[in-house]
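I set out to record what I looked up in this structure, entry by entry. The notes are kept brief for a reader who has not seen it before.

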Amino acid sequence: MEERSKVEECRLFYGSTRKNPMVMRFEIKLNEDIDFPCFEAAVKTALKRYPYFRLALSKIGDDYYFTDNDREVVVTPHNDLLEINSESTNFHQLYFSAEKDTIVVNIFHALTDGDGAYALIKTLLYYYFSDKHKISLSKDNIRLYGDPPNEEEYLNPLSKITLPTPKRRELDPIYQIPSSSSLPSLYHIRFDEASFITKTRGIGATPNVLMAIMLDKAIRDSFDVGEQKSRTVVCVNERKALKAPLAHQSFVGGALLDFSSNDHRLDLSSLSQKVRAC
């Protein structure tokens, strides 16, 4: 098959190394231990439905392209991290693992988006539970091997849209959070999804904007940044905004949101509207 969609600046945004695997990692915890041979068989069957996920990232000239990869997709009996696009994953952009009661699906962000990953996971779980428990499950809204692929699964949303090429510019200098260690810090934020969506709708914001505001406020509450402005980088999947079909090569853009100490004197609704108007 010919070269697939070109991946712009893949290393910059989605580079993956063993120490820093920038992948989407989906963990599914069951109420029973995994039958690994059954799981491995389910992965192989599910992937027959998604041949366009069996890809390598190849450098051709100065650019990166997705090309067909005939090597086996890796399925491991442990949930340790592997390096995407390396010998350990047969240079695939995804791999699967299962340990004790937890299944993990690891997918390179530039290969697909959440919609594509969700469809694959539903197919995988359908085959796993059907085989393990010898039961018939509903096939509604599940893509199965033998079903003809939909056009939307292959269609690149950019193929029918003409967009201008933005000019590159140097980013303005911005403060860096002081750290007592040379190693980067990792913070986790958890909240109730239903409450978050209700709050988002109530103030007329979007989830990305509200999360950026919350993150900036958390940084200011945790570190002494004084009157300095801060910048939050937000990645946005723009397919919905462009009313494009559900393609599996996601179209991702970004926004730089600058905040000042005065901004946080506004109420959430006013601040979110100010950010969205920028």
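The entries below concern a sheet, the helices beside it, a pair of helices and one lysine.

**Basis.** I worked from a predicted model, in which local features need pLDDT of at least 70 and side-chain atom pairs count only at pLDDT 80 or more, while totals for chains, interfaces and linings use all residues. Residues are numbered from 1 along each chain as its sequence is written, and side-chain values use heavy atoms, with hydrogens and water left out.

**The sheet.** I looked up the strand order first. Four strands form an open sheet with mixed pairing, in the order S2-S7-S6-S5. Strands (E, at least two residues) and helices (H or I, at least four) are DSSP runs numbered from the N terminus, and two strands pair if DSSP finds at least two bridges between them. Strand S2 (23–29) and strand S5 (75–76) are the edges, each pairing on one side only.

**Strand S6.** I then followed S6 on both sides. S6 (residues 94–99) runs antiparallel to S7 (residues 102–108), joined by six bridges. Ala-98 stands opposite Ile-103 in S7, and Tyr-95 has Asn-106 of S7 as its bridge partner. In the hairpin of S6 and S7, two residues lie between the strands, and Lys-100 takes a positive phi near 55 degrees. With S5, the pairing of S6 is parallel, over two bridges; here Val-75 stands opposite Phe-96. Five of the six residues of S6 are buried, that is, under 20% relative accessible area with a 1.4 Å probe, protein chains only.

**Helices on the sheet.** I noted that helix H2 (residues 36–48) lies across S5, S6 and S7, at about 160 degrees to S6. Helix H3 (residues 114–133) touches S2, S6 and S7, and its direction makes about 145 degrees with that of S7. Contact means heavy atoms within 4.5 Å. Axes are lines fitted to C-alpha atoms, for helices over the stretch in contact, and angles run from 0 to 180 degrees between N-to-C directions.

**H4 and H5.** Helix H4 (residues 193–202) packs on H5 at an angle of about 100 degrees, with the axes 10 Å apart. H4 is therefore roughly perpendicular to H5, a term for angles of 65 to 115 degrees. Among the residues making the contact are Phe-196 of H4 and Leu-210 of H5.

**Lys-217.** I located Lys-217 in helix H5 (residues 207–222). Lys-217 counts as partly exposed because its relative accessibility is 44%, between the 20% and 50% limits. Lys-217 and Ser-261 are 44 residues apart in sequence, and their C-alpha atoms are 9.2 Å apart.

Methods
Parallel < 35°, antiparallel > 145°, perpendicular 65-115°, else oblique.
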